[in-house]
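Subject: Structure for you to look through

Dear colleague,

Please keep the model open while you read.

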Amino acid sequence: MANKLRIIPLGGLNEIGKNMTVLEYGDDMIVVDCGLGFPEDDMYGVDLVIPDVTYLVNSQKKLRGFFITHGHEDHIGSIPYVLQAANAPIHGTALTNGLIRLKLEEHGLTDTVRLVTHQPGDLVQAGCFTVEFIHVNHSIADAVAFCVHTPVGRVVITGDFKIDPTAPDGMTDLARLGELGNEGVLALLCDSTNVERTGYTPSENLVAENFDRQFRGCDKRIIITTFASNMYRIQSILDLARRHGRKVAVTGRSMENILKVAGELGYLTIPENTLVDITQIRTIAPNRLVIVATGSQGEDMSALYRMAFSSHKQVEISALDRVLISASAIPGNEKAISRIINELYRKGAEVVYDKSEGLHVSGHACQQELKLIHALVKPRFFIPVHGEQRMLQVHAKLARQMGMSPARIVIGDVGKVIELTAKTCKLTGAVVPAGRVLVDGTGVGDVGSVVLRDRKHLAQDGMVVVVVNLSAQDGSVLSGPDIITRGFVYAKDNEDLLEALRYLADDALAECLERHIRDHATIKSAIKSALSVFLYKNARRNPMILPIVTEL
């Protein structure tokens with residue numbers, strides 16, 4: 001291992017989100033990004049999905065730092081959980097660290113985690129690694145790529161990026177990427193999110209122009225939902241509101257937080273007398289007001305969700321509203337967004353959400369931009385990252401079209417070790433502990449496959465509880481069996497079925513007592529078996545059956 005670099009993805013491959021990549025050489029290790037994923041439809045009750053960091057915990061002595069490309073949840077969301085298990089300095093740009101600091105404050109970790117702020121062009125020494133920060137465009141300010149200078153060669157990690165010549169903070173630093181390509185790059189790890197799209201990703205300026213068209217001549221209150229982190233878009237909204245004589249109110253916790261952090265750090269310029277508190281909107285004429293809200297992904301209890309379902313304290317949707325949805329659906333959120341749109345229509349609002357209206361552009365590079373990066377960086381080896389399997393495969397195909405030999409392209413997977421020397425790059429067959437850890441409320445990792453299976457069972461078939469009280473002296477029945485159901489049938493309409501279940505439980509219990517069986521586990525098994533056979537035979541239903549036997 002002494003002369004080999006190990007790259008170990010702990011997330012972000014064959015999935016969307018949960019981005020985390022380990023680089024290890026000898027006794028030194030760094031981690032790029034520390035993101036979360038969102039629960040799938042069958043993860044009942046789960047709030048977040050974070051990477052399994054057992055490998056980091058076991059290698060704590062080697063860990064030299066976390067390097068964060070930008071402040072989106074899929075790149076910083078796991079930090080409060082991971083840093084409690086594997087602590088090391090966090091290196092990021094000003095806005096990224098500002099957003100991380102908010103998370104650390106929420107979890108009471110500000111005194112235990114060290115944040116180090118850098119800017120593009122900085123070089124950071126971390127053990128045997130030197131990490132160079134390179135400016136890139138994305139849908140959040142202060143995004144960077146990394147060039148990691150390692151003992152076996154340079155590794156360029158793009159993070160999430162696109163190439164926007166009109167970006168407010170300047171175009172992606174193609175000059176530096178070109179210089180690195182001329183100097184020699186061992187491996188390129190490149191974003192694959194938009195690799196299936198041809199052409200170029202449109203500029204954020206296009207969204208501002210289309211917003212202006214929606215503002216012009218509009219005599220309604222305008223409500224806009226977008227990603228809270230896209231402060232370029234929020235800046236456009238603030239400027240347009242001022243130009244069209246409207247006040248702006250913000251609602252939703254993440255939107256309020258980003259406004260606070262971005263304002264303090266100078267990433268947002270709020271026009272004078274434009275921003276008002278959401279509690280003051282009743283004093284402002286609807287055609288003189290813009291409300292910027294969270295909820296672009298249909299999240300339960302987001303500001304837009306509460307507006308749509310009439311539970312927002314300050315905002316009531318009506319025919320006097322024009323709602324602009326300035327976001328694309330993250331895969332898996334389509335149904336939730338559709339539900340909100342339908343409810344907004346039901347309340348008479350005008351809803352603008354179609355892609356043809358140009359109210360959103362992606363923050364990820366399309367094929368022509370990706371080809372440009374490949375051409376500039378000229379890596380010896382290529383490892384596609386950030387995407388599902390089809391995206392990784394399409395990106396590998398694009399690299400082959402650029403002239404790269406298939407033997408120099410490695411498609412990895414979470415937990416699988418990729419080993420590099422100055423002349424080789426291959427999957428070793430070694431696997432480290434990896435996967436997903438589920439966060440439910442304050443519980444981290446206590447919801448596993450068994451719990452999820454039970455939750456799915458309950459959601460699909462409901463539950464039947466059988467309660468029996470026995471005498472501690474002689475084992476006779478004191479009360480029961482009583483039948484309680486939840487999510488199975490409506491009791492008042494199915495009294496005959498419940499009575500049949502009670503008789504079956506009673507017979508099973510009597511048979512056990514006749515055989516002088518007082519072992520609770522055996523009694524429960526007999527009751528459960530009798531009821532499950534009956535229910536499947538007569539109702540083709542398979543609810544969870546929970547016998548409860550107590551002695552008094």
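Strands β25, β24 and β26 form an open sheet of three strands, in the order β25-β24-β26 and with mixed pairing; strands here are DSSP runs of E with at least two residues, helices are runs of H or I with at least four, and both are numbered from the N terminus, while two strands pair if DSSP finds at least two bridges between them. Because β25 (477-486) and β26 (544-551) stand at the edges, each with a single partner strand, one side of each is left without a neighbour in the sheet. Neighbouring strands of this sheet are turned by 15° against each other on average, direction ignored, where axes are lines fitted to C-alpha atoms, for helices over the stretch in contact, and angles run from 0 to 180 degrees between N-to-C directions. Strand β24 (residues 463-470) pairs with β26 in the parallel sense over eight bridges, and V465 has L546 in β26 as its bridge partner. Helix α14 (residues 495-514) lies across β24 and β25, at about 140° to β25, whereas helix α15 (residues 520-539) lies across β24 and β26, at about 150° to β26.

This is a predicted model, in which local features need pLDDT of at least 70 and side-chain atom pairs count only at pLDDT 80 or more, while totals for chains, interfaces and linings use all residues. Residues are numbered from 1 along each chain as its sequence is written, and side-chain values use heavy atoms, with hydrogens and water left out.

A second open sheet has six strands in the order β8-β9-β10-β11-β12-β19, again with mixed pairing. Its edge strands are β8 (123-126) and β19 (379-385), each of which pairs on one side only, and the twist averages 20° from one strand to the next. Strand β12 (residues 185-191) runs parallel to β19, to which six bridges join it, with D191 and V385 as bridge partners. Helix α11 (residues 367-377) lies across β11, β12 and β19, running at about 170° to β12.

Strand β6 (residues 90-93) is covered on both faces, with I90 and G92 buried on one side and H91 and T93 buried on the other; buried means under 20% relative accessible area, exposed over 50%, and partly exposed in between, with a 1.4 Å probe and protein chains only. Two bridges join β6 to strand β5 (residues 63-67) in parallel, and four join β6 to strand β7 (residues 115-118), also in the parallel sense.

Finally, the cavities: a search of the whole structure finds three of 30 Å³ or more. A cavity is a set of points on a 1 Å grid over the protein atoms alone where a 1.4 Å probe fits but cannot get out, and lining residues have an atom within 4 Å of a point; grid points are joined across faces, edges and corners, and a volume is the space filled by probe spheres set on the points. The largest cavity has a volume of about 60 Å³, and its lining includes K162, D164, E204 and Y232. E204 is found in helix α6 (residues 204-215) and counts as buried at 9% relative accessibility. The second largest cavity holds about 50 Å³ of space, and among its lining residues are I157, L189 and V385.

With best regards

Note on methods. On a 1 Å grid over the protein atoms alone, a cavity is a set of points where a 1.4 Å probe fits but cannot get out, and a pocket is an open set with protein on both sides within 12 Å along at least five of seven lines; lining residues have an atom within 4 Å of a point. Contact means heavy atoms within 4.5 Å.
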